[in-house]
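Colleague: Could you walk me through this model? I'd like to begin with the helices and then move on to the sheet.

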Amino acid sequence: MYYLNERNQIIQTCLWLEQQNLVLGTWGNVSLRISPGEILLTPSKIPYNKLSPEDLVIVDYDGKKIEGSNNATSEMDVHRLIYLARPDIHAIIHCHPRYASAMCATGREIPPILEEMTQLLGGSVPITPAYIRAGKHLELAEAVTAALGDKNAVLIANHAPVCCGRNLEEARTCCLVTEKAAACYLSIQGHFPVHPIPPQDILAERHRFLYQYGHENN
Ligand SMILES: [Zn+2]
């Protein structure tokens, strides 16, 4: 099987996300740029402890499947557009950790308050301007890529962070630094006003979860 080492690296990273409490269920996804124009991604809706190397999916820069029998993660476009915009990034992790997710509900970026942030993340952790429904894959991906800019981590409003690196090890450290920065900032600043998800978006998300999620790429 091609890229067995890279497939195993991604599976190990998924298990690490669970061990570190950086994710709940399969609400996270991991990818590697394995060659120019080829992205290896986690599949949609398969529990991490059941992932085998052949379950991963390879897509091209247009999102067209090159290899794999599963659907790629529903957040494939986020990975794809970041790789297109940022030739320096070769690994991306989207996770759902507690404090960074709390920051996502404040509508605020995390300012550059720690030394690790300057070195690894490029300074602050920006945030997308408004809530975008999870089913609006391309719109979400464009907003995330624009907000990320030249940084290595970004918060998706009312959702969770996306962390990047030159390799998976660096992307993992980005996850930890982003979570630590969020925890520190929240403990220093106290309570921010919350930006809740609008009611019409809550209804739409619930409907997608019950009736569409996992079938959209078929
Ligand atoms: Zn997510």
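Modeller: Let me start with helix α2 (residues 76-85), where 8 of the 10 residues are buried, so this helix is largely enclosed by the rest of the structure. Buried here means 20 or more other C-beta atoms within 10 Å of the residue's own, exposed means 12 or fewer, and partly exposed lies in between, with C-beta atoms placed from the backbone. Helices (H or I, at least four residues) and strands (E, at least two) are DSSP runs, numbered from the N terminus.

Colleague: Before we go on, what kind of model is this, and how are the residues numbered?

Modeller: It is a predicted model, in which local features need pLDDT of at least 70 and side-chain atom pairs count only at pLDDT 80 or more, while totals for chains, interfaces and linings use all residues. Residues are numbered from 1 along each chain as its sequence is written.

Colleague: OK, which residues of α2 are buried, and what do they pack against?

Modeller: The buried ones are M76, D77, V78, H79, R80, L81, I82 and Y83. They pack against the strands β1 (29-35), β2 (38-41), β3 (57-59), β5 (91-94) and β7 (161-165), and also against helix α5 (137-148); contact means C-beta atoms, placed from the backbone, within 7 Å.

Colleague: Switching to the sheet, what is the strand order?

Modeller: The order is β4-β3-β2-β1-β5-β7-β6, an open sheet of 7 strands with antiparallel pairing, where two strands pair if DSSP finds at least two bridges between them. β4 (65-67) and β6 (153-155) stand at the edges with a single partner strand each, so one side of each has no neighbour in the sheet.

Colleague: And how many bridges join β1 and β5?

Modeller: Those two strands pair in the antiparallel sense over 4 bridges, and N29 has H94 in β5 as its bridge partner.

Colleague: Which residues have the most contacts inside the largest nonpolar core?

Modeller: They are V144, L155, V162, C164 and A171, in a core of 58 residues; such a core is a set of buried Ala, Val, Leu, Ile, Met, Phe, Trp, Tyr and Cys residues joined through C-beta atoms within 7 Å. Helix α6 (residues 168-189) gives the largest share of this core, 8 residues.

Colleague: What does L155 touch, leaving aside neighbours within four places in sequence?

Modeller: L155 is then in contact with A100, M103, C104, V125, I127 and P161.

Colleague: Last topic, the backbone: where does N21 lie, and is it buried or exposed?

Modeller: N21 lies in the loop between α1 and β1, and is exposed, with 12 other C-beta atoms within 10 Å. Its phi is near 60°, a positive value in a residue other than glycine.

Conventions
Contact = placed C-beta atoms within 7 Å.
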